[in-house]
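Subject: Structure for you to look at, with notes

Dear colleague,

I am passing on a structure that I would like you to look through before we discuss it. My notes follow below, starting with a sheet and then turning to charged pairs.

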Amino acid sequence: MYLKNEYQKDEFYQGIHTIFTIHNLQYQGRWIMQAVKDITGLPEHLFTADKLESYGEANYLKGGVVYSDVITTVSKTYAYEITTPGGGEGLDGLMRARHRDLYGIINGLDYDVFNPQADAYIWQRYGSDDMVEGKLANKRRLCEQLGFEVDDGTMMLGIVTRMTNQKGIDLIEAVLDELLSNARIWIVVLGTGQTNYENMFRHYAWKYEEKLSANICYSEELAHRIYASCDAFLMPSLFEPCGLSQLIGMRYGTVPIVRETGGLKDTVEAYNRYDRTGTGFSFCNFQSKEMLSALYYAMDVYYNHREDWNEIAVRGMMQDFSWAHSAGEYEKIYDMLQ
């Protein structure tokens, strides 16, 4: 807004193009109109419904969208979702108006930091050729660290997350009792967030101490060990602009189980047992029964079709979600604006 309105008198700034990237449209910088006027010093005529004003407040993000030449966000599906009433967070009309200038580019992953062949945090390093042996060695060590009985054949499910409603924790809470009481499974949880979700995981870790480990903290080391040790990774987000956890999971041969939204839909190809394709498992609607069905389907493949499961894991490891690819997509947009 400053560039297009205040700095145009200065020859140095004339002709400069702008690209505005939205990582999560839920966070908009909405504030009291008069306070924003006082803080920014911007003229009165900019605080209108077609510029900075939004539902009676000033909205910084809206100003960025209105005045940028191009808007990008972090996945193609999320770029579409924010033009709909369900995903637009009150700005879907503006996003539809700018849809010709809106692009979705998947976030990249640092393949040096997240590399099972060179990861200093994990007990045994491995690649796609020795994935089965490497993950099993790490799984045994993680069982020992968490106090689980070492059992090579039991599926280990990882959850590394911010504990907010965005991440689908309500769906997990709805099925934990049934899953832990009936299924042959271990669940390893790592993260912090809303107190009610933290306490929920603590409760189930107490009730099913031999099957669920709740680590309510931040630990880079444990996160890497979960990715390297678990067989599957659960990410049932309500919405997910891009998501990195599913990309990390695939990098480590940990099969993602995700809801088809945002970047999760764009990066995880659902397994098809008939043509033996896919890199994970998915479900569509934000419903606990659908998520549970996807979990049971994944468990059936894991326990009864282990060769297929291993192929899914290896296909995930072979995907390229490095920054080299994403940076090339951004470069095309920069070149377009020159």
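For what follows, two strands are taken as paired if DSSP finds at least two bridges between them. Please keep in mind that this is a predicted model.

With that definition, there is an open sheet of three strands in the order E1-E5-E6, and the pairing is parallel. Strand E1 (19-22) and strand E6 (102-104) form the edges, each of them pairing on one side only, and neighbouring strands of this sheet are turned against each other by 25° on average, direction ignored. Strand E5, which covers residues 70-73, runs parallel to E6 and is joined to it by three bridges; in this pairing Thr 72 stands opposite Tyr 103 of E6. Helix H14 (residues 323-337) packs on the sheet, where it touches E1, E5 and E6, and its direction makes about 175° with that of E5.

Turning to the charged side chains, a search of the whole structure finds 19 salt bridges, and I describe some of them here.

One of these salt bridges joins the side chains of Asp 69 and Lys 4, at 3.5 Å from N to O. This pair links distant parts of the chain, 65 residues apart, since Asp 69 belongs to the loop between helix H3 (60-67) and E5, whereas Lys 4 belongs to helix H1 (residues 2-5). Asp 69 counts as partly exposed, at 25% relative accessibility, and Lys 4 is also partly exposed, with a relative accessible area of 28%.

Another salt bridge is found between Arg 225 and Glu 221, whose closest N and O atoms are 3.6 Å apart. Both residues lie in helix H9 (residues 220-229), four residues apart, which is about one turn of the helix. Arg 225 counts as buried because its relative accessible area of 13% falls under the 20% limit, while Glu 221, at 36% relative accessibility, counts as partly exposed.

In a further pair, the side chains of Asp 308 and Arg 276 meet in a salt bridge of 2.6 Å, N to O. Asp 308 lies in helix H13 (residues 306-317) and Arg 276 in the loop between helix H11 (262-267) and strand E12 (281-283), so the pair ties together parts that are 32 residues apart in sequence. Asp 308 counts as buried at 14% relative accessibility, whereas Arg 276 is partly exposed, with a relative accessible area of 36%. Through salt bridges that share partners, Arg 276, Glu 307, Asp 308 and Glu 311 are joined into one network.

Definitions and conventions: Residues numbered from 1 in each chain as written. Predicted model: local features only at pLDDT ≥ 70, side-chain atom pairs only at ≥ 80, totals over all residues. Heavy atoms only, no water. Helix = DSSP H or I, 4+ residues; strand = E, 2+ residues; numbered from the N terminus. Axes fitted to C-alpha atoms, helices over the stretch in contact; angles between N-to-C directions. Contact = heavy atoms within 4.5 Å. Salt bridge = Lys/Arg side-chain N within 4 Å of Asp/Glu carboxyl O. Buried < 20%, exposed > 50% of the residue type's maximum accessible area, 1.4 Å probe, protein only.
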